[in-house]
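Please work through each task before reading its solution.

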Amino acid sequence: MKLVVIGGGITGLAAAHRAVELARERSLAVDLTVIEARERLGGTIATERADGFLIEAGPDSFLSEKPWALGLCQRLGLEGRLVRTDDRFRKVFVWRGGRLHPLPDGFQLLAPTKLGPFLSSNLFSWGGKLRMALDLVRPRALVDDESLGAFVRRRLGAQALERVAQPLVAGIYTANPDDLSLAATMPRFLELERRERSLILGLWRASRKAPQPGTSGARWSLFVTFKDGMGEMVLRLASRLPPGAVRLGQRVLGVERRGSGWRVATDDGASLDADHVIVTAEGHATGRLLRYVDPALATLLGEIAYASSATITLGYRRGDVPHALDGFGFVVPRTEGRVVLACTFSSVKYPGRAPEGRALLRCFVGGALNERALESDDATLIAGVRDELRQALGITAGPLLTRVHRWLKAMPQYHVGHLGRVEAIGRCAAALPGLHLAGGAYRGVGIADCVRSGEAGAERALGGSRPPSDRLDGAELS
């Protein structure tokens, strides 16, 4: 059986690796080819060592409460390489009004679960606190899908949205909360309202329950990474693929039906025939590849919006950073009008990210609410970030190291109605035997989600079954 995987990011690598596992388990002969346009594997995952600093160009960790990435690490023999966050410094700050305000202890993304820290916080006015408290008595709203912004305003008020929910969500999805679908991105809160009515009460009750064995908070912290960075996962996955299976620096120009199979054309004039093709590119790129196969499917894929962002990493002498760096970092509300969306204190969050006596900071700019920031050149971006770090952390000294990594139209935006669009995409894809769509465009943007998506695509290609929770109206889509 000939299998072509388009895209060598984490989704494509997970798909290819799972195909190799299944072929071995079932004694199947699989001719595997992975095609990647870049000159390297990993997609948005890229790790660099420089002057003793460990620099992550893209994702620096993954969620442990979703089992798929952890499960893959176990099968790859990487579990012993995982490291936790340093939970002595779990604090997150919000930069507002020229000050770094600690997010109240017990604040779970949208709502508080501890009364004392919430009441004593200077992040919210008394009017804002009273408005949030109204969540305790507000009725349920029977809404199938609404924006995250509308949901937070309705339940908790404007201050909860502007000062906490928006900046925290920007750090995850680089998104505008007034566009973001609650059902597609944070269904937990939708379900919480339906079950408990009050978010505050529901979160408080959940926080009183002891962690279940094997879940986040037991062995692992909520976020985990690797001792030598996320690139470890990429290298290990690549090492498990057959020799010659990966083709780097080749861009796929199109995919077309050829008899009962498929033909994949590349920009070097070559073409590959395949029984199954797993496409793991961004939605807009996948749509272009399939525009002649199924124009309706291509249109649906093209309707999935994407945002651009950049990471600016700076290394300093620790003595040149006046702030205590006693947290994981800070987020910045859009109402502050800043360039920086968020800043991670990388050398505090994880061990081994900076040499002794040094500090590593990673800032995020751009996103759906400020993509114009990326029109600036690297020097201008660095200057703007340095100025804001001076205001936020008191840093006036020059950095020892700087890196800028730009990610153009790389983050899918799950707008209101996204789940309906994904269902329609699933129905179209189900009518094209041998074609499998996978990646962050559909049902989860995190590393763990992408691993699940890629592995599910491989299982379908090799005749495996999907769990019922991964089905969409009878059609299957990763």
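**Exercise 1.** Determine the handedness with which helix 2 passes helix 10.

Solution. Helix 2 passes helix 10 in a left-handed crossing, meaning that the near helix is turned anticlockwise from the far one by less than a right angle. The model is predicted, with local features requiring pLDDT of at least 70 and side-chain atom pairs pLDDT 80 or more, while totals for chains, interfaces and linings use all residues. Residues are numbered from 1 along each chain as its sequence is written, and side-chain values use heavy atoms, without hydrogens and water.

Next, consider the geometry. Helix 2 (residues 67–76) packs against helix 10 (residues 231–239) at about 55 degrees, with the axes 11 Å apart.

Finally, identify the contacts (heavy atoms within 4.5 Å). Ala69, Leu72, Cys73 and Leu76 of helix 2 meet Met233, Arg236 and Leu237 of helix 10. By class, this contact has 6 nonpolar, no polar and 1 charged residues.

**Exercise 2.** Is Arg155 buried or exposed?

Solution. Arg155 belongs to helix 5 (residues 148–156). Its relative accessibility is 0%, so Arg155 counts as buried (under 20% relative accessible area; exposed is over 50%). The Arg155 side chain also makes a polar contact with that of Glu193, at 2.9 Å (N or O atoms within 3.5 Å, one able to donate a hydrogen and the other to accept it).

**Exercise 3.** Locate Ser121 and state which residues it is in contact with beyond four places in sequence.

Solution. Ser121 lies in the loop between helix 3 (115–120) and helix 4 (126–133). Beyond its sequence neighbours within four places, Ser121 is in contact with Pro102, Pro104 and Lys129.

Notes. Axes are lines fitted to C-alpha atoms, for helices over the stretch in contact, and angles run from 0 to 180 degrees between N-to-C directions. Helices (H or I, at least four residues) and strands (E, at least two) are DSSP runs, numbered from the N terminus. Ala, Val, Leu, Ile, Met, Phe, Trp, Tyr, Cys and Pro count as nonpolar, Asp, Glu, Lys and Arg as charged, and the others, Gly among them, as polar. Buried means under 20% relative accessible area, exposed over 50%, partly exposed in between (1.4 Å probe, protein chains only).
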